[in-house]
Amino acid sequence: MPRYLSRSFSWIGLILLVSFLIRLPGVPYGLPYHLIGDEEASVYGALQMIHLHTLLPVLHPGAFTVLYEPPFLATIYAIVFLPVLAVTYIVWGAPGIPAFTAMLTLDPSVLWYTGRTLGILFSLGSIYVLYRLGWSLFRNKTVGLFAALFLATSYLSTTIASATRQWTPGTFTSILALWLVWRAFHEGTNHRGRWLIASGLALGCSFGFSYLPFYVPCIAGIITYFSWKKDDLANTARTLLINGLTAGIPFILCVALFLGIDPYPFNTQVTHHVVSSAVKTPLNFVLYYLHSLWNFETPILLGAFLGFAFMLYKKRYKLLGLFGLFFGTVVIPMYIFLPNIDRYLVALLPMFSLMAAFGIYSAIENMPPAHQKMARLTFIYILIVYSCIVFIRYDFLLLQNDTRIEAKQWIESELPSGSTVILNSDSDRLRLSGTSASIAEQDRISSSSLRASDRVLLSDDHYAPHPFRLFTLHNATAADQTLLVHEALAHATSSTPVYLIEDAWATTTIDVMLPNRHLIKEFIGSSAIPNIHGLFIGGDTSDYVHGHLLWFLYTLPMLGPDVMIYEIGTSTPAHGES
């Protein structure tokens, strides 16, 4: 291998290693709890595929309502989960399929370990492909390395990689498709068809992960530009038709395949994600995302502005056209279909990173030659120092127990087993075990509110290490919630008090039903920052968060929602109050 290639691979290897290390603490964070509700879709969809022995959800539409995301990630999970579950079954002592299913339902951590690790690998793939794309696009390996370094140290890219979500694999396959189509026109004509087919397949796979067509216009623009024959329209039309079909047919076949495998998520995504124009305007749309980039991706934003300035200064109009086409066409689906949420920037960060890398490289290149080496080292040093300030604190928070786990440990150590507990939490973000008898009472009052773990304990609660007389409000109707609270308080006495466990994300308000309560313990997490309604990981933050990333990280005492534990008096709520 030539020496310069060896050096470049050493640098990209180091960047990938650093990227892996800063993403790794996100894998075990919060387990056995998931981060956000969307994490469940592909994981539970994969389990349903395994259970029904099929990779075709379209054959069992009623059984796959849990899979409201595109089906490709669930398909990959299903294939990967099979050997993982086989090994887990042996490690757990081969307890038998019914017992193994029950144990896995109560603690599915092995699934999250696997899914989140795959997410990190997809993220590393994006970084490496971006390095190759930057090298090819700018014909300069230093620009490719700078782009990889920007993406490797991106906060949003790091957090989203630690979640079992479609964004990371979707971004990887999109960037891969862009790199392959660029290679098709810069690696000679002998293998152009192969590169175009590969690009179409990669772009089709990105559709199987995520329905957002961010990179389609950019790739179509590249094919059109390089197929253009000056002063020869007939030859241009023929070449464009051949190249377009070579890449387009594999893409269309993949789209048809994934829609045929499971059309339900596509219908759901399009129907539920159209945002009324009354909700936002073009101005607040642009300002929101510029503000988000400043808050979360300060180095990339500053570098991207610098890159845009140098493209103008150096008259790199072809590059301006490429990036202008990308960002100009991206804003249309984002504005029409998506609410203003920070995580939607994840798919755009590779292109911002390329612009930032070009900006930094151009600024250094315009310095006197004697100062260029020092300038490169200074840039790397500043980015590393900033990244250390961010990720040392971020990973420190990840490696601590979050508020939910701290609260659960306190509850199980301080409240006697069998105590009556009302749990008011958002879905499975806080989970306690109930006795079989109390779950049977909940089943009688509100059968539809039982979770899978409740149904395991309904028949046998010996799997529960510390069961309570538990009543869970989240999935119950308003009328059923009142009945559940009434049932919980029915047998309360001064010697057997009732406890309310409530987190700050709970969507059910029960203040009217339980006015006679006093706080005995609280665990403070996200309320340290006003208006944060989600976990500060996985790209799930509020539309109304204001302030810089560093302020967020160094203000939060721990990750997770506030969890409050109350002791309740014995007065019973009136029926019908909610």
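## Pocket, helix and sheet in a predicted model

The largest share of the lining of the largest pocket, 6 residues, comes from α2. This is a predicted model, in which local features need pLDDT of at least 70 and side-chain atom pairs count only at pLDDT 80 or more, while totals for chains, interfaces and linings use all residues. Residues are numbered from 1 along each chain as its sequence is written, and side-chain values use heavy atoms, leaving out hydrogens and water.

The largest pocket holds about 950 Å³ of space. A pocket is an open set of points on a 1 Å grid over the protein atoms alone, where a 1.4 Å probe fits, with protein on both sides within 12 Å along at least five of seven lines; lining residues have an atom within 4 Å of a point. The lining comprises 26 residues, and Tyr44, Leu47, Thr101, Thr105 and Ala452 lie nearest the centre.

Helices (H or I, at least four residues) and strands (E, at least two) are DSSP runs, numbered from the N terminus. In helix α16 (residues 349-365), 15 of 17 residues are buried, that is, under 20% relative accessible area with a 1.4 Å probe, protein chains only.

Strands β3 (residues 498-503) and β5 (residues 563-568) pair in the antiparallel sense over 6 bridges. Asp503 has Val563 in β5 as its bridge partner.

Conventions. Pairing = 2+ DSSP bridges. Buried < 20%, exposed > 50% of the residue type's maximum accessible area, 1.4 Å probe, protein only. Points joined across faces, edges and corners; volume = space filled by probe spheres on them.
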